[in-house]
Amino acid sequence: MLGGVEGGLEAEGEVTATMDLIGVVGAGTMGAGIAQACLQGGVEVALYDVSPEALDAGERRILSGLERLERPELFSMVRRVDSPARLSRCDAVIEAIVEDLGVKRELFAQLDRLVEPPRLLATSTSSFLVGRVAAATEFPERVVGMHFFRPAQVTALVEVVRAEHGSDEAVRRAVRLVRALGKTPVVCGDRPGFIADRVARPFYLSGMRLLEEGRGTPADIDRALRQAGLRMGPFELMDGIGLEVDLAAARGLWEALGKPERLAPRRIQEQLVAWGRRGRKNACGFYVYGENPPGTINPDLEELVPGLGKRPLAPADVVRTVVGAVLDEAKLAAEERVGSPSDIDIAMRLGFGWPRGPFEWEREIAA
Ligand SMILES: NC(=O)c1ccc[n+]([C@@H]2O[C@H](COP(=O)([O-])OP(=O)(O)OC[C@H]3O[C@@H](n4cnc5c(N)ncnc54)[C@H](O)[C@@H]3O)[C@@H](O)[C@H]2O)c1
């Protein structure tokens, strides 16, 4: 059963244990952010990383983050530990190590022996099914996914993933922990992309389809969506993420879902990546940066898209097309019990800065 976050799960039973000490394994980008989020939520942290240099860097990052918030005193609540064995007294351990299934499974097998059930073990993986990590343990019922979004110390959304053998109790504890950190949990099924990365994929793909069909330039399409209240349009977002990073995510999701035609990566992105256009990081993606005025379109697009922007859609039609594509995927995801419609709406608002989720949008148009 896929429990809704609101109502259902918390009412279903007493959660006895409190979360006073959280273990965080991995002190990189996400681990440091998750640790800082715990400290900001008043929860002590035991921080471990296989690399002492990474631990040094992670600690520096946490301290400077807390200093920016004028709360450096919280740093005294983080304890650096030099071995996973020192995590045995943690109420929950959140893993944020390298995205390598074998390494994660090895760590979970070790944590499973060290940390007694029902203490929670959580993985922050973005691309593996949580069940595959949990299968390395003897007590998979206490393993959940806790998928944070970058920067983890800021972004409110956390996807709590219920794997095949995950218990209601474990999901409930994870939900409570997320709330204790002042964040908003959504509960999702253990399917590729979970909620947000899956439902948002057609946002990028439908934007690129419009571009390939000459129905607008990146600037036209981004502007139409920004005017509808979105924080960013698909092209400026892809340029920020990195075109090659986003393409790898697109391919990963498409393959994991059995290569459905609707989610196939777009040729325009493949071509730009093949030409080494990676977005903001090398000043050239769908837009060009550096000396050029903001919003200057990459001249390569003239070559790649015959009739670039020659048959522009009205802004309202751009919004209808892109939101419609996201809504179609959201409906499929809800049918597959990846998430409830209300959790999908929350994920799109908090994870992607949409003014309303796709189901809320549909209701508004119908009203
Ligand atoms: N970066 C993102 O935007 C993002 C977003 C959501 C989820 N995630 C997930 O978070 C996890 C961490 O990603 P990241 O970007 O912080 O990676 P990162 O490379 O910045 O940090 C990974 C850290 O793990 C450490 N490590 C590797 N193997 C270890 C082991 N066996 N035991 C202890 N420490 C070990 C490394 O020394 C490194 O410091 C990944 O699973 C990733 O998919 C990342």
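Reply: Leaving aside residues up to four places away in sequence, I268 touches M208, L211, E212, F286, L301, L304 and V305; the model in which these contacts are found is a predicted one. I268 belongs to the largest nonpolar core, a group of 75 residues, and together with L87, F203, F286 and W354 it touches the most other members. The greatest contribution to this core comes from helix 7, residues 196-212, which supplies 9 residues. Because domain 1 (8-189) and domain 2 (196-366) both give residues to the core, it lies between them.

Two packed helices are described by the angle between their axes and the distance between the axes. For helix 14 (residues 341-352) and helix 15 (residues 358-366), the axes come within 7 Å and cross at roughly 105°. An angle of 65 to 115 degrees counts as roughly perpendicular, and helix 14 and helix 15 are therefore roughly perpendicular to each other. On the side of helix 14 the contact is made by P341, I344, D345, M348 and R349, which meet P358, F359, E360 and R363 of helix 15.

P117 and P118 are joined by a cis peptide bond with an omega of about 10°, and P118 sits in the loop between helix 4 (101-114) and strand 5 (120-123). Another cis peptide bond runs from R150 to P151, where omega is near -10°, and P151 is part of the loop between strand 6 (143-148) and strand 7 (157-162).

Positive phi values in residues other than glycine are a further detail of the loops. E70, in the loop between helix 3 (52-68) and strand 3 (78-80), has a phi near 60°, and with a relative accessibility of 69% E70 counts as exposed, since exposed means over 50%. K259, although not a glycine, has a positive phi of about 55° and lies in the loop between helix 10 (243-256) and helix 11 (267-274); its relative accessible area of 48% makes K259 partly exposed.

Definitions and conventions. Residues are numbered from 1 along each chain as its sequence is written. This is a predicted model: local features need pLDDT of at least 70, side-chain atom pairs count only at pLDDT 80 or more; totals for chains, interfaces and linings use all residues. Side-chain values use heavy atoms; hydrogens and water are left out. A nonpolar core is a set of buried Ala, Val, Leu, Ile, Met, Phe, Trp, Tyr and Cys residues joined through side-chain atoms within 4.5 Å. Buried means under 20% relative accessible area, exposed over 50%, partly exposed in between (1.4 Å probe, protein chains only). Helices (H or I, at least four residues) and strands (E, at least two) are DSSP runs, numbered from the N terminus. Domain bounds come from an automatic or database domain assignment. Contact means heavy atoms within 4.5 Å. Axes are lines fitted to C-alpha atoms, for helices over the stretch in contact, and angles run from 0 to 180 degrees between N-to-C directions. Angles under 35 degrees count as roughly parallel, over 145 as roughly antiparallel, 65 to 115 as roughly perpendicular and the rest as oblique.
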